[in-house]
Amino acid sequence: MRWKDYFIPTSKNPPKDAETVSHKLMHRAGLIEKISSGIYTFLPLGLRVLRNVENIVREEMNKAKGIEVLMPSIQPASLWKESGRWEKMGKDMLRFKDRHGKEMVFGPTHEEVITYIVRQHIKSWKQLPLLFYQIQTKFRDEIRPRFGVIRAKEFLMKDAYSFDMDEKGLDISYQRMRETYFKIFSRCGINVTIQKADSGVMGGKFSEEFVAEGECKELEVGHIFKLGTTYSQNMKAYFVDKDGKEKPIYMGCYGIGIGRTVAAIIEGNYDENGIVWPVSVAPFKVIIVPVNMDDENIREKSESLYSELIEKKIDVLIDDREESPGVKFADADLIGIPLRITVGKKLKEGKVEIKIRKENRSVEVPLENSVRWILDFLNK
Ligand SMILES: Nc1ncnc2c1ncn2[C@@H]1O[C@H](COP(=O)(O)OP(=O)(O)O)[C@@H](O)[C@H]1O
Ligand SMILES: [Mg+2]
């Protein structure tokens, strides 16, 4: 990507309502734009990180035998009345009527919809166990939206639902999700601890939260629940077991806030100059900075390095703006790209400077070895 063809609105000033590092930096690095209280747009750079996190989540969920679906965000009130949560949910749930006066909700979560789907199709023990997941928008009318995308009204969640024959099966599914969550957060560059938690309106007997350690306060990034048979009993999702007996299906549910995870990554990976993305989620892995766009040699060498990296399928950004090196360096640090390649005065000696954002140190590398060096760094 070429900076001039792209949209990275960096700024020096954090928003007035920003209380956390991640909120300040997400705004300053041009990742998000606030539209209204708790309602955010992910701008192009922010969206790239969001997609990288989603892909890590997808890969690990698929490895754990998760089956991806996409449920509607709009749900009929009738399902919530069946489950018994229509009254319990309170004001967090955004309710509305369609033009025919039918009561609807904008889904804060999807236990009701997935239980409906399973009850339509699952009749026998032979069809179990099952694990469904989706990555989809949720709406919760939070009383106090705060910290940017950390506590938003509209946000992206990975939610998963397991269906088993008995409690033992549920324990196995739950355990597998627990391990999967550790892998996901570790790949995203977040250290998490697990804590026993209150199940709240989800119900069920047991739940645990994944909490990111961070500069600021503890931040819940994931939450997993053993729901048991509450939903399947209330909504009549039964199956016939080996002995021909009808039994309610055992359920678990498992959530990760995708946007909140992006913020949590920043809370654990920044310095005084900006974000320090882990390579796994970085919006671009490499930024090339030609120090002077008027210098033909610098421009040419920068362009050919850019083409070579694209050929090697590296996500690379070239800062082709007519800005001073100082401005470009500050922006490269702010947006947190893991490697910055400076093409400048060392070119006389046939070298470029490579700055490792995380270690805050630079090395000089002969231009002809630079692609090899970058590939080695990114692969390790
Ligand atoms: N308002 C919100 N904004 C952003 N992410 C949220 C929000 N509420 C929940 N999440 C994310 O979704 C995950 C699952 O949510 P859940 O545990 O059902 O909600 P809560 O913890 O609010 O009761 C949370 O661990 C968190 O990562
Ligand atoms: Mg929770």
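Predicted model: local features only at pLDDT ≥ 70, side-chain atom pairs only at ≥ 80, totals over all residues.
**Notebook: helix packing, strands and domains**

Residues are numbered from 1 along each chain as its sequence is written, and chains are lettered from A and ligands numbered from 1 in the order in which they are written.

I then took the geometry of the helix pair. H1 (residues 21-28) and H8 (residues 258-268) pack at about 105°, and their axes are 8 Å apart. Axes are lines fitted to C-alpha atoms, for helices over the stretch in contact, and angles run from 0 to 180 degrees between N-to-C directions. H1 and H8 are therefore roughly perpendicular (angles of 65 to 115 degrees). Helices (H or I, at least four residues) and strands (E, at least two) are DSSP runs, numbered from the N terminus.

Next I traced an open sheet of three strands, in the order S4-S6-S5 with antiparallel pairing; strands pair if DSSP finds at least two bridges between them. S4 (74-76) and S5 (94-97) are the edge strands with a single partner each, so one side of each has no neighbour in the sheet. The twist from one strand to the next averages 35°. Three bridges link S4 to S6 (residues 103-106), and I located Met104 in S6 as the bridge partner of Pro76.

S19 (residues 339-343) and S20 (residues 351-356) run antiparallel and are joined by four bridges, with Arg340 opposite Lys355. S20 also pairs with S21 (residues 361-366) in the antiparallel sense, over six bridges, and Ile356 stands opposite Arg361. S20 and S21 form a hairpin with four residues between them, and Asn360 in the turn has a positive phi of about 55°.

Finally I checked the domains, whose bounds come from an automatic or database domain assignment. The chain divides into domain 1 (7-270) and domain 2 (286-379). Their centres, over C-alpha atoms, are 39 Å apart. Five residues of domain 1 contact four of domain 2, and the domain 1 side comprises three nonpolar, one polar and one charged residues.

Terms used:
Contact = placed C-beta atoms within 7 Å. Nonpolar A, V, L, I, M, F, W, Y, C, P; charged D, E, K, R; others polar. Parallel < 35°, antiparallel > 145°, perpendicular 65-115°, else oblique.
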